[in-house]
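Open the model in your viewer and keep the selection tool ready. We will go stop by stop.

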Amino acid sequence: MSACPLPIIGAAIWSAVMDRASQSREPAPGSVFDGAPAAQCECSWQCGKHAGARCTHTHGEYRKKGGPIRLAAAPADLTIEGTAAMRLPAAQLLAWCPPCHTAAGKAARREASAAAADVLISAETLF
Ligand SMILES: [Zn+2]
Ligand SMILES: [Zn+2]
């Protein structure tokens, strides 16, 4: 096991998320895939890459760099972290590939801090 910066979600929930992510594949699994369909990253452009479409990365997919893709189960709302993230049900988790998880996490935190700044500004203008 290598060090993993992602929230550690229980194995049962991880499997539930990956099952959903493999059954909802787009396009549907075809003859090019052997055996059970692999889970597909459930990012639908939260990361700001792969414009407007669902990410095509699948669990175990070969990459030129960094070894095979390992999908992680992490909150759909990536501003939720730590123990709060671990308590979420599978329905509030998405299967994320590492590049999407990183990029979408940055975007979510940027939006959250921008929203916090807005609140601050409007509070300041009140007085
Ligand atoms: Zn992805
Ligand atoms: Zn993505």
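A residue is buried if 20 or more other C-beta atoms lie within 10 Å of its own, exposed if 12 or fewer, and partly exposed in between, with C-beta atoms placed from the backbone. This is a predicted model, where local features need pLDDT of at least 70, side-chain atom pairs count only at pLDDT 80 or more, and totals for chains, interfaces and linings use all residues. Residues are numbered from 1 along each chain as its sequence is written, with chains lettered from A and ligands numbered from 1 in the order in which they are written.

**Whole chain.** Colour by pLDDT, the predictor's confidence in each residue, from 0 to 100. The chain mean is 85, and 83% of residues reach 70 or more. Of the 127 residues, 24% count as buried.

**Cartoon view.** Look for 3 helices and 2 strands, in the order α-β-α-β-α. Helices (H or I, at least four residues) and strands (E, at least two) are DSSP runs, numbered from the N terminus.

**Residues 1-7.** Here pLDDT stays under 50. Where pLDDT is low, the predicted coordinates should not be read in detail.

**Residues 11-23.** This is helix α1, with 13 residues. Which residues of α1 are buried? Select V17, M18 and A21. Seen down the axis of α1, they fall within an arc of 95° (taken from the directions from the helix axis to the C-beta atoms), so they line one face of the helix. On the other side, A12 and Q23 are exposed.

Contact means C-beta atoms, placed from the backbone, within 7 Å.

**Residues 93-96.** Finish on strand β2, whose mean pLDDT of 96 is the highest among the elements.

Key
Contact = placed C-beta atoms within 7 Å. Expected span 1.5 Å × (residues − 1).
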